[in-house]
Amino acid sequence: MLTEERYAAIIERLHKQGIVKLQELVDVLGASESTIRRDLIDLESRQMLKRIHGGAALMNEKTLEPGMEEKTSKNIQQKVSIARLAALEIENGDCIYLDAGTTTLAMIPYIEAKDVTVVTNGLSHVEALVSKRIRSYLLGGMMKIHTKAVIGSIALQNMDNFRFDKCFLGTNGVDPEMGYTTPDPEEALIKRRAHQLSGKSYVLADSSKIGEITFAKLFELEEADLITEQMPDHWRAVIEQKTKIIEG
């Protein structure tokens with residue numbers, strides 16, 4: 001089978017299933033695992049799919065993630081409102097984890113608690129924390145270029161050196177049935193581990209995220225308090241059954 005024929009077969013299968021496994025493609029296309037891996041790498045470079053652990057997923061709005069600059073320019077007032085509320089949850093002496101999102105970044109100017117220690121996987125966050133003279137640790141690992149977030153196995157290993165009183169996490173989707181979700185499975189692993197290592201978890205989401213579902217699940221709604229600027233009325237009752245809502 002020619003390369004372009006394999007590409008067409010892979011994309012066709014993705015459109016039918018949404019996700020395909022590497023071994024499935026090896027069996028169906030009769031090609032070696034190394035050949036299929038190269039095909040997936042090339043197709044990802046063309047933005048036709050997204051490689052995930054053990055296979056590939058269709059490249060669409062559920063797997064695409066906006067960059068740091070694009071995120072920063074969206075819903076600015078809502079993010080500031082949420083950031084102020086979240087910062088009030090930090091108490092003197094807390095050791096906290098700040099996720100590498102723009103809303104958590106917006107929290108930093110409003111942190112007034114004393115003797116706080118922060119661990120983060122956000123490069124921009126460390127710069128802001130240092131400028132405010134807050135004791136901070138940056139996880140090591142692979143840096144995502146467009147979001148400036150540290151991810152990967154090294155980052156996960158680094159996290160196990162810490163325990164947190166609280167963690168503050170961003171999300172791309174908040175749904176009563178599917179829970180909290182984000183486009184990147186690797187970033188989801190970091191968020192989930194921070195949650196597991198924390199005594200208390202908070203998820204920060206502006207109202208545009210309510211009812212949305214993206215590719216990779218973090219955890220269930222009831223596992224964290226939700227901080228938002230204004231809960232849409234048609235979602236309030238069902239989400240209040242699942243978790244505590246903190247809103248401005």
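Outside its sequence neighbours up to four places away, I151 touches G141, M142, K144, D184, E186, E187 and I190. The structure described here is a predicted model. I151 belongs to strand β8, which spans residues 150–151. With a relative accessible area of 3%, I151 is buried, since the limit for this class is under 20%. Between the C-alpha atoms of I151 and S207 there is a separation of 26 Å, the two residues being 56 residues apart along the chain.

A sheet of three strands is present in the order β1-β3-β2; the sheet is open and its pairing is antiparallel. The edge positions are taken by β1 (19–21) and β2 (49–52), each of which has a single partner strand, so one side of each is left without a neighbour in the sheet. On average, neighbouring strands of this sheet are turned by 25° against each other, direction ignored. The antiparallel pairing of β1 with β3 (residues 55–58) extends over three bridges, and A56 in β3 is the bridge partner of V20. Two helices that pack on this sheet can be described by their contacts and directions. Helix α1 (residues 3–17) touches β1, β2 and β3, and its direction makes about 125° with that of β1. Helix α2 (residues 22–29) touches β1 and β3, with its direction at about 75° to that of β1.

Five aromatic pairs occur in the structure. In one of them, the ring centres of F162 and F164 lie 6.3 Å apart and the planes make 20°, so this pair is stacked. F164 counts as buried, because its relative accessibility of 5% falls under the 20% limit. A stacked pair is also formed by F168 and Y202, with 5.0 Å from centre to centre and 5° between the planes. Because F168 lies in strand β9 (residues 164–170) and Y202 in strand β12 (residues 198–204), this pair ties together parts that are 34 residues apart in sequence. F168 and Y202 are both buried. The ring of Y202 also has the charged end of K200 sitting over it, at 5.7 Å from the ring centre. One aromatic cluster is made up of Y97, Y137, F162 and F164; F162 and F164 in this cluster are the members of the stacked pair with planes at 20°.

Helix α6, which covers residues 102–107, contains T102. The relative accessibility of T102 is 10%, and the residue therefore counts as buried. A polar contact of 2.9 Å links the side chain of T102 to the side chain of K79.

Positive phi values were computed for D115 and K148, although neither is a glycine. D115 has a phi of about 55° and is found in the loop between α6 and β5 (117–120). The relative accessible area of D115 is 53%, and D115 is classed as exposed because the limit for that class is over 50%. For K148, phi is about 60°, and the residue is placed in the loop between β7 (142–143) and β8. K148 has a relative accessible area of 38% and is thus partly exposed.

Definitions and conventions:
Residues numbered from 1 in each chain as written. Predicted model: local features only at pLDDT ≥ 70, side-chain atom pairs only at ≥ 80, totals over all residues. Heavy atoms only, no water. Helix = DSSP H or I, 4+ residues; strand = E, 2+ residues; numbered from the N terminus. Buried < 20%, exposed > 50% of the residue type's maximum accessible area, 1.4 Å probe, protein only. Polar contact = N/O pair within 3.5 Å; in protein donor to acceptor, adjacent residues only side chain to side chain. Contact = heavy atoms within 4.5 Å. Pairing = 2+ DSSP bridges. Axes fitted to C-alpha atoms, helices over the stretch in contact; angles between N-to-C directions. Phe/Tyr/Trp six-rings, centres within 6.5 Å; stacked < 30°, edge-to-face > 60°. Lys NZ or Arg CZ within 6 Å of the ring centre and 35° of its normal.
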